[in-house]
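Visitor: Hi, I'm new to this one. Can you walk me through a few spots?

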Amino acid sequence: MRNDLDVSSGLARTALSNRIWTGISRGRLARLIGELAVPWAAAEEDRLLTRREHERLRAAGAGPDHGLPFTDRVIVTLVYLRFQLPHATLAELYRVHRSTVTRAVGEVRPLLAARGFAVPGEPGIRLQTLADVFAYAAARGVTLRLDGTEVQVRRPRAGKPGRRAFVSGKKKMNTKKATVITDEKGRTLWAGAFRPGRMHDQTAVRTEGIAGLFRQFPQVKAKVDAGYRGLAKEFPDQVQAPPLKPKKDAAPEETAAYEAGRHRQSSERICVEHANAEHKQWRVLQRYLGRREEFDETYLAVASLVSDRAAER
């Protein structure tokens, strides 16, 4: 069903493409649409080929158009990530069925998640893996900042195996945990190590092979909080954690030195906390209401978008 003459769709595109709704400027939105158009078209052709079970018989572009054009699919996905509006609400704005919006988000979100993270000063390069981040830090002499963050998710149904794994001892709620790495200016270089909330921050990132990467790149240094003290003990020349708190009967001079060292280390590491706050400006990461299986993809999509803007700092 064509909708190029549907006035309501045109008004919805004009209104929702504003930065207030999408979280990015119209210029960056245009570049993003151009970047995603080719992989989306390729994925769409693969989907149609699988459904037909043979090559197309008509020329490309023949047949009915999509009820929601690709440009609007990207806009709808960004608005959903930004405000976590119900799909039915967005569908009403475009005068399409709710399932059309659900399908659009399901198509565009993985493309955003697969983009990787922008490299400051290198528009054509994006970091995809933790190994890429370490190689970048080694080549540029960047001291990494590492931190874990948690997002509340839906509680698994009663009796489901592994239900308690999502209960966070810190938050006292069901969460999923992510690890974020930034540079000294708080620019997101990587997000990953998605694990249920009960898992310790250090355990989550160790399962991604970070210890092996510290051995492979001995020149790479990182600043972490007290949750990663084990890494600091294993790699004392590379990983810096806050100083140990003195005993209650410690001398005033020792306590003052501890407070000064803790404050200095915290000031150098606080930029990664600011990056976490940038991610959670997107409503979908303040309290995630979707399927837990889609959380990792959603976080990567948002972190990728945030890294684009942060890389310009």
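Predicted model: local features only at pLDDT ≥ 70, side-chain atom pairs only at ≥ 80, totals over all residues.

Visitor: Where do Trp21 and Phe83 sit?

Guide: Trp21 is in helix α2, residues 19-22, and Phe83 is in helix α4.

Visitor: Which residues do ring pairs link into a cluster?

Guide: Phe134, Phe214, Phe217 and Phe235.

Visitor: Back to α4. At what angle do α3 and α4 cross?

Guide: Roughly 115°. Helix α3 covers residues 26-52 and helix α4 covers residues 70-83, and their axes come within 10 Å. That makes α3 roughly perpendicular to α4.

Visitor: Is the crossing left-handed or right-handed?

Guide: The crossing of α3 and α4 is right-handed.

Visitor: Which residues make the contact?

Guide: From α3, Leu29, Leu32, Ile33, Leu36, Ala37 and Trp40. From α4, Phe70, Thr71, Arg73, Val74, Ile75 and Leu78. By class, the contact of α3 with α4 has 10 nonpolar, 1 polar and 1 charged residues.

Visitor: New topic. Where is Leu112?

Guide: Leu112 is in helix α6, residues 98-113. Its relative accessible area is 0%, so Leu112 is buried.

Visitor: What does Leu112 touch?

Guide: Leaving out residues up to four places away in sequence, Leu112 touches Leu32, Leu36, Thr77, Leu78, Leu81, Leu300, Ala301, Ser304 and Leu305. Leu32, Leu36 and Leu78 also take part in the contact of α3 with α4.

Visitor: How far is Leu112 from His263?

Guide: Their C-alpha atoms are separated by 37 Å. Along the chain, Leu112 and His263 are 151 residues apart.

Visitor: Last one. Is Thr179 buried or exposed?

Guide: Thr179 is buried, at 1% relative accessibility. Thr179 sits in strand β4, residues 175-182.

Visitor: What are its contacts?

Guide: Setting aside residues up to four places away in sequence, Thr179 touches Leu146, Asp147, Gly148, Trp190, Ala191, Gly192, Ala193, Val205 and Tyr228.

Definitions and conventions
Residues numbered from 1 in each chain as written. Heavy atoms only, no water. Axes fitted to C-alpha atoms, helices over the stretch in contact; angles between N-to-C directions. Helix = DSSP H or I, 4+ residues; strand = E, 2+ residues; numbered from the N terminus. Parallel < 35°, antiparallel > 145°, perpendicular 65-115°, else oblique. Left-handed = near helix turned anticlockwise from the far one by under 90°. Contact = heavy atoms within 4.5 Å. Nonpolar A, V, L, I, M, F, W, Y, C, P; charged D, E, K, R; others polar. Phe/Tyr/Trp six-rings, centres within 6.5 Å; stacked < 30°, edge-to-face > 60°. Buried < 20%, exposed > 50% of the residue type's maximum accessible area, 1.4 Å probe, protein only.
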